Amino acid sequence: MNIFKKTILSVLASLLLIGNVYADKIKIGTEGAYPPWNSKDASGALIGFEVELAEELCKIMGHECTIVEQDWDGMIPALLMRKFDAIMAGMSITAERQKTITFSQGYADEVAALAVMKGSSLESMDTPEGINLTLGGSAVKKTLKTLTAALAGKTVCTQTGTIHQNFLESGDVGKVNVRTYKTQDEVNLDLTSGRCDVALAAAVAFTDYADKSGKPVVLVGPTFSGGAFGNGVGVGIRQGGNDAIGTRDAKLLKDFNKAINTARKQGIISKLAIKHFGFDASM
């Protein structure tokens with residue numbers, strides 16, 4: 001009987017150890033096609049602001065992390081199917097997404113902007129430097145009216161399933177001829193080839209592309225934030241439930257929030273943002 005008890009206790013101890021090891025191992029999904037937030041180098045290795053930030057956050061949390069690539073349009077479904085435990089993919093925190101998943105606090109701000117090829121008639125648009133749709137007001141209304149007139153009859157390109165597509169289809173700038181693409185790289189290529197009159201994405205996505213490609217892509221109009229553009233970029237995590245897995249997800253959310261606070265206080269997020277964006281986009 002003593003031998004039997006010892007065997008049972010040994011098995012239980014082993015299972016507990018395995019469970020603890022599993023709890024410390026997490027997978028983080030990223031797109032790998034949205035520079036400088038996340039992309040791949042010539043060898044196919046994932047690189048970018050969020051890849052480096054994920055590594056730093058995992059060190060702070062004491063988690064062993066694996067960063068995996070996932071197409072943007074399947075990002076949230078893949079999280080819900082437990083292909084990975086968290087999303088770090090330039091995903092803005094929006095009310096619509098919060099119906100399905102939860103988010104950590106924001107770690108960086110992703111202002112959006114319109115981009116054209118140098119020489120476009122849209123370069124002459126007279127708008128403020130930036131607008132916040134959440135704040136609203138007469139200046140925002142006037143700017144949206146200016147944009148409605150400027151974009152009428154134009155083909156506006158953007159990545160599918162994004163806050164940028166949502167804004168273009170919201171009616172805030174009238175009825176727009178929107179052309180969507182699977183990746184930001186495809187948006188950039190069609191903009192430079194002339195198949196798009198103008199494109200909408202994160203401002204840094206265009207400036208990064210212009211710097212690396214040498215193409216005369218320029219930002220026009222205001223930068224956009226708030227409203228359909230969300231409240232910064234955060235870590236996407238499954239909504240915690242009452243079972244063991246849900247409890248683990250809820251704990252992971254707390255771990256990420258604590259780690260983001262620590263990384264912010266230590267200047268890690270600011271340093272990485274300046275390195276990849278050229279300015280401090282940390283929140």
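This is a predicted model: local features need pLDDT of at least 70, side-chain atom pairs count only at pLDDT 80 or more; totals for chains, interfaces and linings use all residues.

Trainee: Which residues lie nearest the centre of the largest cavity?

Mentor: Its lining is made of 13 residues, and those nearest the centre are Tyr-34, Trp-72, Gly-90, Glu-110 and Thr-162. By residue class, this lining divides into 5 nonpolar, 5 polar and 3 charged.

Trainee: Why does the largest cavity lie between domain 1 and domain 2?

Mentor: Here one looks at where the lining residues come from: because domain 1 (26-110 + 231-277) and domain 2 (112-229) both contribute to the lining, the largest cavity lies between them.

Trainee: Turning to the open spaces, how much space lies in the largest pocket?

Mentor: The largest pocket holds about 260 Å³ of space. It is lined by 15 residues, and Ile-76, Glu-96, Arg-97, Gly-161 and Asn-166 are the closest to its centre. Two elements, helix H3 (75-80) and helix H5 (163-168), each give two or more residues to this lining, with H3 giving the most, namely 3 residues. The lining of the largest pocket consists of 8 nonpolar, 4 polar and 3 charged residues, and at least three residues come from each of domain 1 and domain 2.

Trainee: Now for the sheet: in what order do its strands lie?

Mentor: The general idea is that strands of a sheet pair through backbone hydrogen bonds, either parallel or antiparallel. In this structure, 6 strands form an open sheet with mixed pairing, in the order S8-S12-S7-S11-S9-S10. Strand S8 (130-132) and strand S10 (177-181) are the edge strands, each pairing on one side only, and neighbouring strands are turned by 30° against each other on average, if direction is ignored.

Trainee: Which strands does helix H4 touch?

Mentor: Helix H4 (residues 138-151) packs on the sheet and touches strand S7 (112-117), S8, S9, strand S11 (198-202) and strand S12 (217-225), while its direction makes about 115° with that of S8.

Trainee: And across which strands does helix H7 lie?

Mentor: Helix H7 (residues 203-213) lies across S7, S11 and S12, and runs at about 110° to S11.

How values were computed. Residues are numbered from 1 along each chain as its sequence is written. Side-chain values use heavy atoms; hydrogens and water are left out. On a 1 Å grid over the protein atoms alone, a cavity is a set of points where a 1.4 Å probe fits but cannot get out, and a pocket is an open set with protein on both sides within 12 Å along at least five of seven lines; lining residues have an atom within 4 Å of a point. Grid points are joined across faces, edges and corners, and a volume is the space filled by probe spheres set on the points. Helices (H or I, at least four residues) and strands (E, at least two) are DSSP runs, numbered from the N terminus. Ala, Val, Leu, Ile, Met, Phe, Trp, Tyr, Cys and Pro count as nonpolar, Asp, Glu, Lys and Arg as charged, and the others, Gly among them, as polar. Domain bounds come from an automatic or database domain assignment. Two strands pair if DSSP finds at least two bridges between them. Axes are lines fitted to C-alpha atoms, for helices over the stretch in contact, and angles run from 0 to 180 degrees between N-to-C directions. Contact means heavy atoms within 4.5 Å.
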